[in-house]
Amino acid sequence: MDPPAFHVDFSEVERIEIIKGPFDVRHQGSMAGLVNIITKRPEEGFRLKLNASAGSFNFINLSPVVSYADDKLSILVGYSYRYSKPYKDGDGRRVTEYANYKPEFRNKKAFEINTYWTKLGFKPIENHSVEFSYTRQDARNVLYPYLRMDTIRDKMDRFNMNYQIDGISDTLKSLKFHLYYTKVDHLMDNSFRNSMMSMKTDAESKTYGGRLEANLGDLTLGFEAYKRNWDATTFMMMMGKQFSIPDVDTENFGLYGEYKRNLSDRLRLVAGLRLDTTKTKADRSKANTDLYFDYKNTRSTSKTDTYPSGNVQLFYELQKGTELFVGLGHSVRVPDAQERYFALAPMGGNRWVGNPELKPSKNTELDLGIKHSTDKALIKATAFYSFVQDYITVHRQSGSPDARSYENVDAQFFGGEVDLRLSLTQELFLFGGMSYVQARKETKPEKNIRSSNVAEIPPLKTRLALRYDKGIYFGEVETILLATQNRVDRDLNEQKTSGYGVVNVKVGGNFKGFTLTAGIDNVFDKKYFEHLSYLRNPFAMPPSVKVPEPGRTFYINASYTF
């Protein structure tokens with residue numbers, strides 16, 4: 001239900017790194033890209049930052065952060081509180097009016113989230129540094145109108161420890177050790193909804209692991225190991241409890257190496273190689289092996305996969321300010337606990353069953369790109385072609401009654417994007433971007449896979465923005481345009497989504513540690529739907545329930561830094 005980024009508060013974030021394509025060997029499972037969220041570290045001296053935000057629909061966000069750092073010691077402590085009521089769309093209707101919420105809950109909390117975090121770092125001896133960090137998040141009453149249930153409680157604990165040794169020798173530049181642990185306790189039910197059948201799922205996730213990495217100059221070598229557990233129990237009226245995700249462990253061991261070198265003044269090489277062994281195992285005493293056997297003709301509750309991945313990238317400076325890029329990569333994603341071992345059999349309704357025999361998805365991708373930069377302009381363009389062997393797709397499994405399940409098919413993805421940043425004058429800047437992707441998959445009529453369209457593929461998107469910036473104050477107007485999405489997977493009742501355009505404006509300024517930003521999103525109060533507004537599995541509402549995006553939204557952010 002929650003993307004991983006949900007569990008990182010905005011005020012924790014220093015920056016976000018995005019690696020596009022299968023060009024990361026440091027993290028297992030980065031099949032088509034990696035989003036790496038870097039959290040803030042204490043700055044030199046004593047620092048205090050106070051953040052406050054408010055906006056439409058009673059939205060508030062308060063966050064103080066205090067830190068101290070010197071040559072030997074650093075410490076940071078932060079807190080964030082976020083709250084909002086359900087938003088209204090361009091027609092002035094609450095988003096909760098589109099789903100089956102009881103009248104008394106249609107204007108209650110949309111979410112309430114408290115987050116606490118701290119970091120402690122010190123240098124025990126010369127060239128040695130250690131850092132501990134801990135985050136605690138408590139989210140309550142988070143609404144999901146496109147699903148049949150909402151979050152009643154979502155508690156998260158995240159712990160990290162980093163130890164680094166620098167300057168070990170001329171050959172071994174540094175040694176890094178990273179240890180982490182994360183736990184999420186997630187309770188959801190349909191108590192806010194009008195429903196003939198009560199429903200509740202108590203889900204828990206635990207992950208702990210570590211990474212050891214050695215920097216040998218041009219070569220980086222590493223070892224990664226982790227264990228992740230997903231466990232979910234669903235309670236349904238007159239059916240008692242079912243172990244929908246039967247206490248599944250995913251254990252991974254991986255070795256990797258990355259080599260970076262300038263082959264000439266103009267040519268740069270990056271190459272990586274990785275080898276992983278991953279084992280997924282369900283608790284056989286909880287797994288519904290009868291359901292697996294009925295639909296998949298197997299009672300398997302464990303599987304081990306060993307596989308290589310890697311990439312080669314070349315960067316060539318055609319002339320000063322112009323760089324060409326070509327990359328060929330291969331990466332693998334092992335089916336998760338839900339895809340292999342989920343099992344839910346409601347009384348009189350269609351079932352949901354995992355596929356224990358799913359194969360890992362293997363992506364082989366070619367990327368081409370060009371980047372041109374001058375004092376006044378930056379232009380980047382990329383194109384890619386991706387062939388995914390054994391892509392995992394949702395499909396309708398024939399039986400009595402029918403079930404939704406997962407199946408391997410081969411799929412192809414291709415597309416590209418363009419990004420433009422242009423300085424029109426010393427204070428006036430133009431930003432533009434466009435992205436497009438198409439996807440096709442193999443059909444298997446005997447598996448009820450008849451549509452060649454891949455589900456959940458975004459349409460053509462364009463962004464244009466004009467910014468006037470004097471340094472101490474700025475103003476910006478942007479428009480976001482999306483084309484109609486008519487390449488839909490009819491097998492899954494995916495529906496055409498109309499194109500739309502919205503306009504956003506914002507202004508801001510800063511003076512002696514104070515920063516103020518205010519804006520209006522969706523200035524013309526347009527009612528529109530994202531292409532992913534209605535399709536979530538499992539526990540999805542009927543396809544007729546489409547969730548609109550917010551209408552005109554006002555916000556103001558203020559911060560003070562000392």
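1. R284 touches T289, R299 and T301 when residues up to four places away in sequence are left aside, a contact being heavy atoms within 4.5 Å. The residue is found in the loop between strand 13 (267-281) and helix 1 (289-296), where helices (H or I, at least four residues) and strands (E, at least two) are DSSP runs numbered from the N terminus. With a relative accessible area of 48%, R284 is partly exposed; buried stands for under 20%, exposed for over 50% and partly exposed for values in between (1.4 Å probe, protein chains only).

2. This is a predicted model, in which local features need pLDDT of at least 70 and side-chain atom pairs count only at pLDDT 80 or more, while totals for chains, interfaces and linings use all residues. Residues are numbered from 1 along each chain as its sequence is written, and side-chain values use heavy atoms, with hydrogens and water left out.

3. On aromatic residues, the structure holds 14 aromatic pairs, defined for rings of Phe, Tyr and Trp (its six-membered ring) by centres within 6.5 Å, with planes under 30 degrees apart counted as stacked, over 60 as edge-to-face and the rest as tilted. The ring centres of Y144 and Y146 are 6.4 Å apart and the planes stand at 70°, so this pair is edge-to-face. Y144 is buried, at a relative accessible area of 6%.

4. F315 and F325 form a tilted aromatic pair, with 5.1 Å centre to centre and 35° between the planes. Because F315 lies in strand 14 (residues 302-319) and F325 in strand 15 (residues 322-333), the pair ties together parts that are 10 residues apart in sequence. F315 is buried at 13% relative accessible area, and F325 also counts as buried, at 17% relative accessibility. Together with F23, F315 and F325 form one aromatic cluster.

5. R268 lies over the face of F315, at 4.1 Å from the ring centre, and K200 lies over the face of F235, at 5.0 Å from the ring centre. The criterion is NZ of Lys or CZ of Arg within 6 Å of the ring centre and within 35 degrees of the ring normal.

6. Strand 8 (residues 150-166) and strand 9 (residues 174-189) run antiparallel and are joined by 16 bridges, pairing being assigned if DSSP finds at least two bridges between two strands. The bridge partner of N162 is H178 in strand 9. Strand 9 also pairs in the antiparallel sense with strand 10 (residues 199-215), over 16 bridges, and T182 has T207 in strand 10 as its bridge partner.

7. As to the chain overall, there are two helices and 26 strands, and buried residues make up 44% of the 562 residues. Among contacts between residues at least 6 apart in sequence, 64% join residues at least 24 apart. The C-alpha trace spans about 65 × 55 × 45 Å along its principal axes.
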